[in-house]
Amino acid sequence: MVEQLVDAFLRKFYYLRLSITDVCNFRCTYCLPDGYRSHGHKSFLSLPEIRRVSRAFAELGTEKIRLTGGEPTMRRDFCDIIAAVHENPQVKKIAVTTNGYRMERDVSKWKEAGLTAINVSVDSLDPRQFHAITGQDKFFQVMRGIDAAFDAGFNTVKVNAVLMKNVNDINLPAFLDWVKPRSIQLRFIELMETGEGHDIFHRHHLSGEVIRSRLLQQGWQQQQKTRSDGPAQVFRHPDYQGEIGLIMPYEKNFCQSCNRLRVSAIGNLHLCLFGEQGIPLRDLLYDGASLEALKLRIQGGLRHKRETHFLHQGDSGITPNLSFIGG
């Protein structure tokens with residue numbers, strides 16, 4: 001029988017967000033407005049270390065692994081990383097969150113390596129506003145990348161948009177028109193306060209409740225989650241091929257359904273995006289280390305997982321920005 005990760009509040013964990021770099025080539029206003037700056041840490045997880053940590057989580061009941069960054073596709077061995085995770089038959093879903101700049105060129109290779117799901121960040125459908133938000137004039141390149149993902153055989157593509165007051169909240173009709181004829185799940189993510197993002201948070205934070213109310217008024221219906229789904233509330237409408245998702249971390253009881261853990265690009269287990277320093281795993285990721293010892297450390301770490309984050313009190317833990325441990 002497969003072991004299962006369970007915390008003190010009886011939450012079960014089927015989903016791992018595995019960061020493989022914190023480097024990013026975009027300069028998004030809400031994350032890295034001044035561009036990437038090294039934190040002075042040692043090298044990122046190697047391919048053998050990624051293979052070992054993914055195996056440990058797979059043997060602990062993990063069904064879904066998402067590769068994150070930074071921008072994970074900046075790693076030259078990205079296809080090899082997908083293939084290494086794919087070696088675990090227990091993992092039914094291998095996903096990536098990407099800014100999409102390499103999708104047009106490489107997405108078919110990712111699928112061949114074993115990738116099953118894609119999330120791409122598109123905060124605006126206006127090319128000029130996209131450029132202003134990301135610091136990169138790559139809107140049309142990213143759009144072609146989404147087309148390439150469908151051409152490569154992905155049945156659906158998830159698109160992440162960070163919800164920002166007076167920036168993209170007013171463009172809901174355009175977003176809805178965009179997903180109407182296409183199997184895109186557009187997910188609005190509430191802007192979250194981080195250590196470096198205090199000012200932009202207080203200027204632009206908007207509750208996802210605003211979008212939810214509009215959707216319900218227009219006949220959209222909320223769907224049930226499966227156990228390895230992420231935190232999004234998903235809405236469907238009979239006249240639309242696409243879906244809308246809302247990720248609302250400031251909503252009451254958001255953490256009750258938590259089913260995911262994080263491993264940073266330097267090998268620390270993080271029990272929450274907004275937690276503390278993390279639990280070191282790297283000393284157990286070399287070839288001679290015991291896999292059972294690694295699994296025990298992961299299981300033991302769950303005893304320290306808190307019932308909830310403290311974002312409401314302005315406590316973002318050690319997270320300076322969302323690229324730090326993979327958003």
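Is Leu10 buried or exposed? Leu10 is exposed, with a relative accessible area of 69%. Here, buried means under 20% relative accessible area, exposed means over 50%, and partly exposed lies in between (1.4 Å probe, protein chains only). The structure is a predicted model: local features need pLDDT of at least 70, side-chain atom pairs count only at pLDDT 80 or more, and totals for chains, interfaces and linings use all residues. Residues are numbered from 1 along each chain as its sequence is written, and side-chain values use heavy atoms, with hydrogens and water left out.

The protein chain contains nine helices and 14 strands. Helices (H or I, at least four residues) and strands (E, at least two) are DSSP runs, numbered from the N terminus. The radius of gyration is 19 Å, close to the 20 Å that the globule rule gives for 327 residues, so the chain is as compact as a globular protein of that length. This radius is taken over C-alpha atoms, and the globule rule is 2.2 Å times the number of residues to the power 0.38. Along the principal axes, the C-alpha atoms fill a box of roughly 55 × 45 × 40 Å.

Of the 327 residues, 56% count as buried. Contacts (heavy atoms within 4.5 Å) were also counted by sequence separation. Among those with a separation of 6 or more, 73% involve residues 24 or more positions apart. The chain exposes about 14400 Å², and carbon and sulfur atoms supply 50% of that area. Accessible areas come from the Shrake-Rupley method with a 1.4 Å probe; for residues, only the protein chains shown count as cover. The chain has 42 positive and 36 negative side chains, and the centres of the two sets lie 2 Å apart. Lys and Arg count as positive and Asp and Glu as negative, while His and the chain ends are not counted. Each charge is placed at NZ of Lys, CZ of Arg, CG of Asp or CD of Glu.

An open sheet is formed by 12 strands, in the order β9-β10-β11-β8-β7-β6-β5-β4-β3-β12-β13-β14, with mixed pairing. Its edge strands are β9 (221–222) and β14 (279–280), each of which pairs on one side only. Two strands pair if DSSP finds at least two bridges between them. Strands of a sheet pair through backbone hydrogen bonds, either parallel or antiparallel.

Strand β5 (residues 93–98) is joined to β6 by four bridges, in parallel. Ala95 has Ala117 of β6 as its bridge partner. Three bridges join β6 (residues 117–121) to β7, again in parallel. Here Val120 stands opposite Val159 of β7. Between β7 and β8 (residues 184–190) there are seven bridges, and these strands run parallel. Lys158 has Gln185 of β8 as its bridge partner, and Asn160 stands opposite Arg187 of β8.

Strand β7 (residues 157–163) has seven of its seven residues buried, so it is largely enclosed by the rest of the structure. In a regular strand the side chains alternate between the two faces of the sheet. From β7, Val157, Val159, Ala161 and Leu163 point one way, and Lys158, Asn160 and Val162 point the other way; all are buried. Strand β8 also has seven of seven residues buried, so it is largely enclosed by the rest of the structure. Ile184, Leu186, Phe188 and Glu190 are buried on one side of β8, and Gln185, Arg187 and Ile189 are buried on the other.

Lys64 is found in strand β4 (residues 64–68). Lys64 is buried, with a relative accessible area of 2%. Beyond its neighbours within four places in sequence, Lys64 contacts Tyr14, Tyr15, Leu16, Val91, Lys93, Ser228 and Gly230. Gln136 lies in the loop between α4 (127–134) and α5 (139–151). Gln136 is buried too, at 17% relative accessible area. Not counting residues up to four places away in sequence, Gln136 touches Asn25, Phe26, Arg27, Phe130 and His131.

Most residues other than glycine have a negative phi, and most peptide bonds are trans. Leu10, in the loop between β1 (5–6) and β2 (12–13), has a positive phi near 65 degrees. Asn166 has a positive phi of about 65 degrees although it is not a glycine. Asn166 lies in the loop between β7 and α6 (172–179) and is exposed, with a relative accessible area of 62%. The peptide bond from Gly69 to Gly70 is cis, with omega near 10 degrees. Gly70 lies in the loop between β4 and α2 (78–86).
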